[in-house]
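Student: I want to learn how the words used for a structure follow from numbers. Can we go through one together?

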Amino acid sequence: MRTKLIYNTAMENNVKTRLLSEVTLNTLHRVVEVIAPPSSPEWTSLLQEIGFLPGEQVAVSAVGMFGGDPLVVKIGVSSFAIRLAEARCITVTPIIHQA
Amino acid sequence: MKKSVIHFHPQGTLIALVGNPNCGKSALFNLLTGSSQKVANYAGVTVERKEGLLTASVPAARAIRVLDLPGAYSLNPRSPDEKVTTDVLYGRALGERQPDLVVVVVDATNLRRTLRLVLAVKRLGIPCVVALNMTDVAESRGIHVDVNALSQALAVPVVTTIGVKADGEAALRTFINAQTFDSATGNVTPANSPPNTSVNTAGDHQTIQLILHQLGLDKLVPHTTSDQIDRVVLHPLWGSMLLLAILFLMFQAVFSWAAVPMEAIKFATGWLAEVVTNNMADHWVRSLIVDGIVAGLGGVIVFLPQILILFFFILVLEESGYLPRAAFLLDRLMGSVGLSGRSFIPLLSSFACAIPGIMAARTIANPRDRIVTIMIAPLMTCSARLPVYALLIGAFIAEREVAGIFSFQGLVLFTLYLAGIFGAMAVAWCLKTFTRSGRLPRPLMMELPNYHWPTVRGIAIGLWQRALIFIKRVGGIILLLTILLWFLASVPGPPDGATGAAIEYSLAGTIGRVLAVIFAPIGFNWQICIALVPGMAAREVAVASLGTVYALSAAGSDTAAALSPLIANQWSLATALSLLAWFVFAPQCLSTLATVKRETGGWKMPLLMAGYLFALAYLASFVTYRVAIYFSQ
């Protein structure tokens, strides 16, 4: 499966992954995995249902004025406003553009 | 006692529309059902239930009910609205049977996300059809969907629709008419084995990736216009300034644009009173018409232009897709008092009226945030307070220009709105600080839909409905209370040889003098106290009541004359300011309290609300009155 491949490559080849809360504005990333904090386990499915699934393209397109919270995230072709706490649940890896 | 629920299923076929939020489902519903829509609530819950009959069904005798279910991202509900959708589809909603056919509306520009719902519905085992909506937008952005291939891949019939175009539903209608439904039983037999409903988001995702790959649709086509607009609108600095400018323009417009139509309405009421006075003998009926009905209703209807301008702005912001952006910009601010940006939309609606605002709070998934939003919604300055503010500002605040462009009266009005907002923030902050639930982390996860040009038709329908509701209120409850007040203010008549105005001897005068004892510390005279009583039913009635009270006090003079110069002469500035402060906070609306009772399912919240608002209003008026007296000495 294509998505599975991306997921595995990122994990096994130790390609640099980071949290969505830490990426620079307007750079394309791909979702690697979604892990909710133990205090709110339901966040995993909530985030997955709005499109945060392994392999999906994601970019942060705006951040709030105070402390960069909340963020506007483009996931696929949709835009969602999420908070830093939710962005910290999402592991991503940068998409390297081929020339 | 728990009420038993009777399961009554109307005969005929039931079709349900489901889809993600913002997929154009409601527009499609409007096309399918035309004017045959009924809006009610689902049994036991307060989620709005929209049902209609399919127009032009074939054969014509066949009645097909169409149900517009609340938008949902999945069948794993995250709000009371989404729960209704899930319950209906599973056939476990009270008073509603499982549909015979489910139309899953998907956004052709965003199949990646919307197709997951199709797979989930398919697993339920109910017959379903996919309505590929917004195909016009998709085509214009170069997204060509092969309908046959999609249908084959999903193993579900697919038809294309355009919800915003007349006849855009034709293909779906043809499909429905071609179906034979087993409506003899009126019920779908529940499957013996429970349908396979295990949530498998990742597996579905892979299936959809595969389908999109087969169809050559796995390339992302972003909505560039929306992205470009968002670069400004969501910018931390420019976006915030834009939001402030929009809100400020809104409140300036309420005062300046409405001036001409308001003058026209005032002129018309004055003329009407004069005609009646000149053509009728001096009789109690004339007094009822001139002092009661014309003075009372005229005083309220004059504010229709301002209310419509306010609603116009809210409707335009709502239709264009700007409101969720505003909620994003304000999320941190709301978060500081323990709420989320989601509370912004119900609170903004509350500026028009607290009742739709309180009902809109249903979209807030978190129960605690929802209750807090409901509790502070009446602090937002609703349009019914506008007549009172407008009257007092017009009478006591001299009109002049500030910095060459702003109207000083507009600035004062803006300040009153701010007072309500800060009051609400303070209450929410207290609830956050003093309750444990206020400090738990809660997710935001709010979609920012693509921008749309608001349609003239949509705005016009919205304004027309609002105008109608307002006029019905004027003609109904306000008229009734105005007449009642006129009666109380006229009976019993003054004794022979009385020196004061007739109203001082009436029932209303007596009530007013009793209440005046309570309200004297905050500067209210007995005329104000009388007006406050019917004002409980609807705030704007307070103005009508003052109109009636003063019309009857002014013995014999030109009664329907404007109220504003009259009170400007009789009240001190401190009293006027105190009354303004009172109206910022006071729980002066029984329909709001009734709505809160319905939405929260008990008397606890409405009683709590009335109590804290009353205390807050008294305190605010007391401080305002004392400070104003101190400075005017």
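Tutor: Start with burial. A residue is buried if 20 or more other C-beta atoms lie within 10 Å of its own, exposed if 12 or fewer, and partly exposed in between, with C-beta atoms placed from the backbone. Helices (H or I, at least four residues) and strands (E, at least two) are DSSP runs, numbered from the N terminus. This is a predicted model, in which local features need pLDDT of at least 70 and side-chain atom pairs count only at pLDDT 80 or more, while totals for chains, interfaces and linings use all residues. Residues are numbered from 1 along each chain as its sequence is written, and chains are lettered from A and ligands numbered from 1 in the order in which they are written.

Student: What makes strand β4 (residues 64–68) of chain B largely enclosed by the rest of the structure?

Tutor: Count its buried residues. In β4(B), 5 of the 5 residues are buried, so the strand is largely enclosed. Ile64(B), Val66(B) and Asp68(B) point one way, Arg65(B) and Leu67(B) the other way, and all are buried. In a regular strand the side chains alternate between the two faces of the sheet.

Student: How do you know that strand β1 (residues 13–19) of chain B is joined to β4(B)?

Tutor: Two strands pair if DSSP finds at least two bridges between them. Here 5 bridges join β1(B) to β4(B), and the strands run parallel. Thr13(B) stands opposite Ile64(B).

Student: Which strand of chain A is joined to β10(B)?

Tutor: Strand β5 (residues 78–82) of chain A, by 2 bridges, and the two run antiparallel. Ala81(A) stands opposite Met446(B) in β10(B).

Student: How many residues does each chain bring to the contact?

Tutor: Chain B brings 33 residues and chain A brings 31. Two residues are in contact if their C-beta atoms, placed from the backbone, lie within 7 Å. On the side of chain B that touches chain A, α7(B) gives the largest share, 5 residues. By class, that side has 15 nonpolar, 11 polar and 7 charged residues. Ala, Val, Leu, Ile, Met, Phe, Trp, Tyr, Cys and Pro count as nonpolar, Asp, Glu, Lys and Arg as charged, and the others, Gly among them, as polar.

Student: Why are α24(B) and α26(B) called roughly antiparallel?

Tutor: Take the angle. Helix α24 (residues 573–585) and helix α26 (residues 604–632) of chain B pack at about 160 degrees, with their axes 8 Å apart. Axes are lines fitted to C-alpha atoms, for helices over the stretch in contact, and angles run from 0 to 180 degrees between N-to-C directions. Angles under 35 degrees count as roughly parallel, over 145 as roughly antiparallel, 65 to 115 as roughly perpendicular and the rest as oblique. Therefore α24(B) and α26(B) are roughly antiparallel. Their contact has 14 nonpolar, 4 polar and no charged residues.

Student: Why are α17(B) and α23(B) oblique?

Tutor: Helix α17 (residues 386–396) and helix α23 (residues 563–570) of chain B cross at roughly 60 degrees, and their axes come within 8 Å. The pair is therefore oblique. Leu391(B), Gly394(B), Ala395(B) and Phe396(B) meet Leu563(B), Ser564(B), Ile567(B) and Ala568(B).

Student: How many helices and strands does chain B have, and how many does chain A have?

Tutor: Chain B comes to 26 helices and 10 strands. Chain A has 3 helices and 6 strands.
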